[in-house]
Amino acid sequence: MGTTLPTGMESGAWESLWIYLNCCVLACIAYLAVITHRAILRPQFIFREDATEQESFYTLRSLFETKGLDVNKTMLDVTLEKNNSQNGQCPVDHGNLSARRMPFETQGNHPPVMQDAHGVWHVRDYEIAKKIMRGQKTRQAGFGSELVRQLPGNFMKNEPVLYQDGAEHKAQRRELARFFTPKTTSSNYRRLMERYAHEMLAELYAKGRVELSDLTMTMAVQVAAQVVGLTSSVLPGMAGRIDAFIQQTDLDSTIAEFRWEPKAILSHLQNQSRMGKFYLLDVKPAIMRRKRKPQDDVISHLVAQGYSDAEIMVECITYGTAGMVTTREFIVFATWHMLENEALRQQYLAAEEADRYQILEEILRLEPVVSHLFRRTTEPIEISDELTISADSLIDLHIYAINTDETIVGAQPNAVCPLRELPRGTLPPMMSFGDGRHRCPGAFLAIQETDIFLYKLLAIPNLKLVSKPVIGFKDIIKGYETRNFIVAVDEE
Ligand code: HEM
């Protein structure tokens, strides 16, 4: 696909049209990815050895939405049951722990590593996962990367960082690191985060009650936009535009049952137009401005590296999903845990910043937003004397199970216990930010931003939970999405 414009297309309008067409092709590829995923991968899950668990995984969204399942109660019961056999490892009162909200698999009854009937390896053990993720014998196989690579005449000269591997990826991460260090994050963005948090709370006070998922999306988008350089939009409302095109995966069912029917075609066109809007109103103006006057952000860096407009658009989509949607969902879950567990909330509010981060990271360990990561082996990986994963194998890392590996996290793996003592070298969020070369560069930013917002929000004495979030499943990040989480400030 074009990285140079056809002759005679220099004018801004023609260039925009040309890029818009590129966006349409990208959107088609995204649909193709989803359709292929549904047509090829999903049946594998249903027919493989651990079919019941995976079936429930994929049907979870409809279960939640149609049956109004009380997940909280289910998981709490399980936790309380386990508390009776508490082994005394941890000084925290386990009778009062905040239990996992998502009823996804735990490590418990599965082998640490197994191969299914289709040759896919499933890993649920932390040490094995660490060996795979930190080693040099795999490449990225998640987030549609394999499908895009297989496309004839792969159109991207420069892949998004999430898809890259090897020397190219290493060099790019080295360059990008400067935007994400704790020092940069604190000195460049902290004040902005404080201001955005303040604005969000002002909105809550003004309205009396708010849908927290909307509010947190605005906050997450505003913060990540600073790092990326998406700050030259010609119209307000970028958070809504990003949310709108990311919502296209909500049309999974429509896509799966796609027929050449007017309704389906119309919805496809609508999605392309949403992506086009994001490009024309947000991405393109940012690129143009940075070509004239480079700034200290990711887009300026990509422009300097000679990325085409289409390639920058793809990178912005990566940040939109990897950085913005994930953070929004995490803030919602952290708020939910604390609003339903007054002891945890008080402990959080009384803690120093470092301890507050630890509480947040423990919540993220328990509720990882991205639930599956995928890798393909480039060389055989020896797991034990008896077991070797051969080259060119697909590995599915089950993050929910890995993060609750009892041999690492100790007692009560399915509850928030802020005083966990993890083995040396194990980070508190475990694999919720990934591990190894692709580990999330925005991890510190996400935790700091969440803390700034929550510390202010939870300190409101008359804050109350009006309705628990409705939980769905977002295929693009293989994780949860929350909606309709209403909080209010009571009139006193
Ligand atoms: C709670 C919030 C977040 C979660 C749970 C999260 C999770 C993840 C995970 C699991 C990965 C690894 C993917 C893999 O190994 O295949 C990742 C990568 C990435 N994340 Fe995050 N993330 C969050 C916030 C952010 C933020 C705020 C940004 C930037 C503003 C960001 C940017 C990225 C990028 C660019 C990558 C790709 C890195 C690479 O492949 O080298 N993330 N994230």
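This is a predicted model: local features need pLDDT of at least 70, side-chain atom pairs count only at pLDDT 80 or more; totals for chains, interfaces and linings use all residues.
Colleague: Thanks! How many helices and strands does the chain have?

Modeller: There are 18 helices and 14 strands.

Colleague: Which element gives the largest share of the shell around the ligand?

Modeller: A residue is near a molecule if its C-beta atom, placed from the backbone, lies within 6 Å of it. Helix α13 gives the largest share of the shell, seven residues. Of the 26 residues around the ligand, Gly323, Gly434, His438, Cys440 and Gly442 come nearest. Two or more residues come from each of α8 (212-228), α13 (309-339) and α18 (443-458).

Colleague: How do the shell residues divide into nonpolar, polar and charged?

Modeller: Ala, Val, Leu, Ile, Met, Phe, Trp, Tyr, Cys and Pro count as nonpolar, Asp, Glu, Lys and Arg as charged, and the others, Gly among them, as polar. That makes 15 nonpolar residues, ten polar and one charged.

Colleague: Now the sheets, please. What is the order of the open sheet of five strands?

Modeller: Strands of a sheet pair through backbone hydrogen bonds, either parallel or antiparallel. Here, two strands pair if DSSP finds at least two bridges between them. The order is β2-β3-β9-β6-β4, with mixed pairing. At the edges stand β2 (113-115) and β4 (138-140), each pairing on one side only.

Colleague: Which strands does β14 (residues 486-489) join in the antiparallel sense?

Modeller: Strand β5 (residues 209-211) is joined to β14 by three bridges, with Val210 partnered by Val487. Strand β11 (residues 463-467) is joined to β14 by four bridges, and Ser467 stands opposite Ile486.

Colleague: Which residues touch the most other members of the largest nonpolar core?

Modeller: A residue is buried if 20 or more other C-beta atoms lie within 10 Å of its own, exposed if 12 or fewer, and partly exposed in between, with C-beta atoms placed from the backbone. A nonpolar core is a set of buried Ala, Val, Leu, Ile, Met, Phe, Trp, Tyr and Cys residues joined through C-beta atoms within 7 Å. Of the 97 residues in the largest core, Ala129, Val221, Ala224, Val228 and Val283 touch the most other members. Helix α13 gives the most to this core, with 17 residues. Across the chain, buried residues make up 42% of the 492 residues.

Colleague: Where are Gln412 and Asn484, and what is the phi of each?

Modeller: Most residues other than glycine have a negative phi. Gln412 has a positive phi near 55 degrees and sits in the loop between α17 (406-409) and β10 (415-416). Asn484, also with a positive phi, of about 60 degrees, is in the loop between β13 (479-483) and β14.

Colleague: Why does Gln412 count as buried, and why does Asn484 count as partly exposed?

Modeller: Gln412 is buried because it has 22 C-beta neighbours inside 10 Å. Asn484 is partly exposed because it has 14 C-beta neighbours inside 10 Å.

Methods. Residues are numbered from 1 along each chain as its sequence is written.
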